[in-house]
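This report describes the fold, the surface and selected local features of one protein chain. The sequence and the structure are shown first.

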Amino acid sequence: MQVPLWFALLVVGYLGVKLIRPPAWLIAVLLLGGFLLSDSVLAPAINALVK
């Protein structure tokens with residue numbers, strides 16, 4: 001069974017918010033921070049650390 005990555009992330013994100021109930025500002029900071037870092041000069045360094 002193959003599941004698209006976007007769908008798996010959506011399900012995991014939904015369950016995480018539903019079960020852990022983090023504050024809304026924390027979710028916004030993580031999403032915005034990830035978006036901004038992915039388009040910065042630090043992106044290659046982050047990519048190397050993740051792999």
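## The loop residue R21

R21 lies in the loop between helix 1 and helix 2. The model discussed here is a predicted one. R21 comes directly after helix 1, and its phi is positive, near 55 degrees. This residue is not a glycine, although its phi is positive. Most residues other than glycine have a negative phi.

R21 has a relative accessible area of 63%, and is therefore classed as exposed, since the class of exposed residues begins over 50%.

## Overall architecture

The chain contains three helices and zero strands. Read from the N terminus, its elements follow the order α-α-α. The radius of gyration of the chain is 14 Å, whereas the globule rule gives 10 Å for 51 residues; the value is well over that figure, so the chain is more spread out than a compact globule. Along the principal axes, the C-alpha atoms occupy a box of roughly 35 × 35 × 15 Å.

Burial in the chain can be stated briefly. Of the 51 residues, buried residues make up 0%, where buried means a relative accessible area under 20%.

Helix 1 covers residues 5–20. Its 16 residues reach 22 Å from the first C-alpha to the last, close to the 22 Å expected at 1.5 Å a residue.

Helix 2 covers residues 24–38, and its 15 residues should span 21 Å at 1.5 Å a residue; the end C-alpha atoms are 21 Å apart, so the two values agree. Helix 2 is likewise hardly covered, as the count of buried residues among its 15 residues is zero.

## The nonpolar surface patch

Which residues make the nonpolar surface patch of about 1,200 Å²? The contributors are M1, V3, W6, F7, L10, V11, Y14, L15, L19 and I20. V3 belongs to the segment before helix 1, and I20 is found in helix 1.

The accessibility of individual patch members can be compared with the class limits. V3 has a relative accessible area of 41% and so counts as partly exposed. I20, at 66% relative accessibility, counts as exposed. I20 and L10, both among the residues of the patch, are 10 residues apart in sequence, and their C-alpha atoms are 15 Å apart in space.

## The aromatic pair

How many aromatic pairs does a search of the whole structure find? The search finds one. The pair consists of W6 and F7, whose ring centres are 5.9 Å apart and whose planes stand at 80 degrees, so the arrangement is edge-to-face. The edge-to-face class applies because the angle of the planes is over 60 degrees. A pair of aromatic rings is described by the distance of the centres and the angle of the planes.

Are the two partners exposed or partly exposed? W6 counts as exposed because its relative accessibility is 60%. F7, with a relative accessible area of 40%, is partly exposed. W6 and F7 are also both included in the nonpolar surface patch.

Methods:
Residues numbered from 1 in each chain as written. Predicted model: local features only at pLDDT ≥ 70, side-chain atom pairs only at ≥ 80, totals over all residues. Heavy atoms only, no water. Helix = DSSP H or I, 4+ residues; strand = E, 2+ residues; numbered from the N terminus. Buried < 20%, exposed > 50% of the residue type's maximum accessible area, 1.4 Å probe, protein only. Patch = residues over 30% accessible without salt bridge, like charges linked within 9 Å, V, L, I, M, F, W, Y side chains within 5 Å. Areas by Shrake-Rupley, 256 points an atom, 1.4 Å probe, with all protein chains shown as cover. Salt bridge = Lys/Arg side-chain N within 4 Å of Asp/Glu carboxyl O. Expected span 1.5 Å × (residues − 1). Phe/Tyr/Trp six-rings, centres within 6.5 Å; stacked < 30°, edge-to-face > 60°. Rg over C-alpha atoms; globule rule 2.2 N^0.38 Å.
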